[in-house]
Amino acid sequence: MNGTISKIEALEILDSRGNPTIRVFVTLDNGVRTSASVPSGASTGENEAIELRDGDPKHYGGKGVLKAVSNVNKIIAPKLLGMDPSQQARIDRLMIELDGTPNKARLGANAILGVSMAVAKAAARDAGMTLYNYLGGVGATRLPVPMMNILNGGKHADNSVDFQEFMVMPVGAPSFSEALRYGAETFHVLKKLLAKKNYSTAVGDEGGFAPNLRSNDEACEVIVEAIKAAGFQPGRDIAIALDPAASSFFEKDSYQLTKSKSGSKNSAEMISLYQDWVKRFPIVSIEDGLAENDWKGFARMMQAMGDRTQIVGDDLFVTNTKFVARGIEEGSANSVLIKLNQIGTISETVDTIAMCRKAGWGYVISHRSGETEDTFMADFTVAMGGGQIKTGSACRSERIAKYNRLLEIEMELGGSAVFSSPFKATS
C-alpha cells in the first residue's frame with residue numbers, strides 16, 4: 001500500500017552565500033521521510049515568482065525566511081495531510097490555489113517549491129524508484145553536457161568584467177564522466193595561467209575565477225588558452241558558453257559596459273559584438289545576451305545568429321509558459337534556461353519544458369547563484385532529457401554535489417547511459 005502524507009514541516013537553513021533559505025521535510029504514514037532545500041538567485045528577472053523574505057532588519061539583515069517557513073507549517077501542511085504524494089500535479093495546483101496570486105507572492109515560491117520537491121522525493125522513495133526514473137520514466141537515460149562556469153563577472157564578482165558567466169562545455173567528450181574531467185582539468189590549468197599572469201585566482205559565487213582582466217574579450221582569450229594548455233582542442237573537444245546577464249547592465253535604454261570601461265552600446269551593437277566573438281572564439285551558446293524586456297532585440301539576434309548559435313532566454317522567459325509562448329511566436333530565442341524556483345513548482349516547470357520540446361527548442365536545467373547541497377536538479381536534468389546542465393564550476397561543494405550525483409546516475413545506468421552533444425563541432 002502506498003503511503004500518504006502524514007507530516008510536512010519546514011526549517012530555515014543557510015544557502016551557499018550564508019543567506020537564509022528554506023528546507024522542507026515530508027513524512028509519509030509508512031515511515032518514508034525526505035527533505036528538499038530551495039536555492040536563491042542574485043541576478044533575478046523581474047517576472048520571476050516571488051521568493052518570500054521577512055524584511056526584518058534584526059534577523060539576517062531582512063533576508064530571513066521565517067514567514068515562508070510558517071506558511072509551510074501552518075497553511076500548506078494542513079491542506080496536504082492524507083494526500084497521495086504521487087499526485088504531484090494535484091498537490092502543486094492546490095498550493096497555487098492556496099496562494100491565490102499570479103507570482104506566488106502570498107505564500108512564497110520558496111515555500112511552495114520546497115514542498116513540491118520534497119513531495120516528489122517522497123513519492124519516488126515510496127515507489128522504490130530513483131528520482132530521475134520516477135520523474136522521467138524508463139527512458140530517462142541521457143546525461144547532460146555540463147556548462148561549467150570558470151570565469152565570473154557582472155553581479156557575481158567584484159571585478160572589471162561586465163559579463164556574468166564564461167563557461168566551458170565539453171561537447172566532444174564521450175561520456176559525462178569524461179566531460180567532467182575535461183572541464184575540471186581546464187579549470188585547474190586556467191588557475192595556473194591566471195596566476196602566471198599575476199591575476200587573482202579568487203572565485204565568485206558559482207566557483208569561477210574572478211580576475212580583473214583588461215577587457216571582456218580577454219576572458220574568452222584566456223579560456224581558449226587554458227583549453228589548449230590542458231591538451232584539448234577548442235571547438236572540437238571544448239566549446240564556450242556565455243551568460244552576459246545583460247539586464248544587470250542595461251540602463252537608460254542602453255547597455256552600460258562600465259566595469260570594463262567599454263562605454264555604452266545599443267542592441268544592434270551588442271549583437272555585432274556577439275557576432276564578432278562567435279567568429280573569433282568557439283562560442284556555441286549565449287544566454288541573456290540582451291535585457292529581459294528587449295524582445296525586439298532578441299528577435300534580431302535570432303535572425304542574425306540563431307542558425308549557428310544557441311540563443312538562451314533566462315530573464316526573458318523565467319521558466320514561465322506565458323513568456324515562452326510569446327518567445328515562440330516572436331522568434332525571440334531557440335532555447336530556455338530552466339530554473340525550478342523561477343516558477344515555483346515541479347509541475348509548472350515540466351509544462352514549460354513540454355512547450356520547449358513541442359517548439360523544437362533546447363532547454364538547459366540550471367542552478368542558482370545561491371545554492372544548497374541538494375542534488376534534486378541533477379536527477380531532474382536526467383529525467384527531462386534535455387542534455388544540458390548549468391550548475392557552476394569545478395569547485396564549491398554545493399556545485400560539486402550535483403556533478404557527483406550525475407556521476408552516480410551514470411554508474412547506475414551503466415551501458416544504457418546516453419551522452420551526446422546538442423551542438424555540432426565548431427572546428
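In what order do the three strands of the open sheet lie, and is their pairing parallel or antiparallel? In this predicted model, the order is β1-β2-β3 and the pairing is antiparallel.

## The open sheet

The edges of this sheet are taken by β1 (5–14) and β3 (33–37), and because each of them has a single partner strand, one side of each is left without a neighbour in the sheet. Between neighbouring strands of the sheet the average turn is 20 degrees, with direction ignored.

The antiparallel pair formed by β1 and β2 (residues 20–28) is joined by nine bridges. Within β2, Arg23 is the residue that stands opposite Leu11. Helix α1 (residues 66–80) packs on the sheet through contacts with β1 and β2, and the direction of α1 makes about 175 degrees with that of β1.

## Helix α3 across the sheet

A further helix, α3 (residues 109–126), lies across β1, β2 and β3, and runs at about 145 degrees to β3. Burial is the rule along α3, since 17 of its 18 residues are buried.

The length of α3 can be checked against its residue count: at 1.5 Å a residue its 18 residues should span 26 Å, and the end C-alpha atoms are 25 Å apart, which agrees. Just after α3 comes Gly128, which takes a positive phi of about 70 degrees.

## The closed barrel

Elsewhere in the model, eight strands form a closed barrel that runs β5-β6-β7-β11-β12-β13-β14-β15, and the pairing in this barrel is mixed. From one strand to the next, the twist averages 30 degrees.

Helix α11 (residues 346–359) lies across β13 (335–338) and β14 (362–366), and runs at about 155 degrees to β14.

## Helix α6 and its surroundings

For helix α6 (residues 216–229), the same kind of length check applies: 14 residues at 1.5 Å each should span 20 Å, and the end C-alpha atoms are 21 Å apart, which agrees. At the start of α6, a side-chain oxygen of Ser215 reaches to within 3.4 Å of the backbone nitrogen of Asp217. After the helix comes Gly231, whose phi is positive and near 95 degrees.

Which residues of α6 are buried? They are Asn216, Glu218, Ala219, Cys220, Val222, Ile223, Val224, Ala226 and Ile227. An α-helix has 3.6 residues a turn, so residues three or four places apart point the same way. The elements against which the buried residues of α6 pack include the strands β5 (145–152), β6 (165–169), β7 (239–243) and β11 (283–287), and also the helices α5 (176–196) and α7 (267–280).

## Cysteines

How many disulfides does the structure hold? The number is zero. Cys220, one of the buried residues of α6, has a relative accessibility of 0% and therefore counts as buried. The cysteine sulfur closest to that of Cys220 belongs to Cys395 and is 20 Å away, too far for a bond. Cys395, in turn, is in no disulfide, and the sulfur of Cys220 is the nearest cysteine sulfur to its own.

Note on methods
Residues numbered from 1 in each chain as written. Predicted model: local features only at pLDDT ≥ 70, side-chain atom pairs only at ≥ 80, totals over all residues. Heavy atoms only, no water. Pairing = 2+ DSSP bridges. Helix = DSSP H or I, 4+ residues; strand = E, 2+ residues; numbered from the N terminus. Axes fitted to C-alpha atoms, helices over the stretch in contact; angles between N-to-C directions. Contact = heavy atoms within 4.5 Å. Expected span 1.5 Å × (residues − 1). Buried < 20%, exposed > 50% of the residue type's maximum accessible area, 1.4 Å probe, protein only. Polar contact = N/O pair within 3.5 Å; in protein donor to acceptor, adjacent residues only side chain to side chain. Disulfide = S-S within 2.5 Å.
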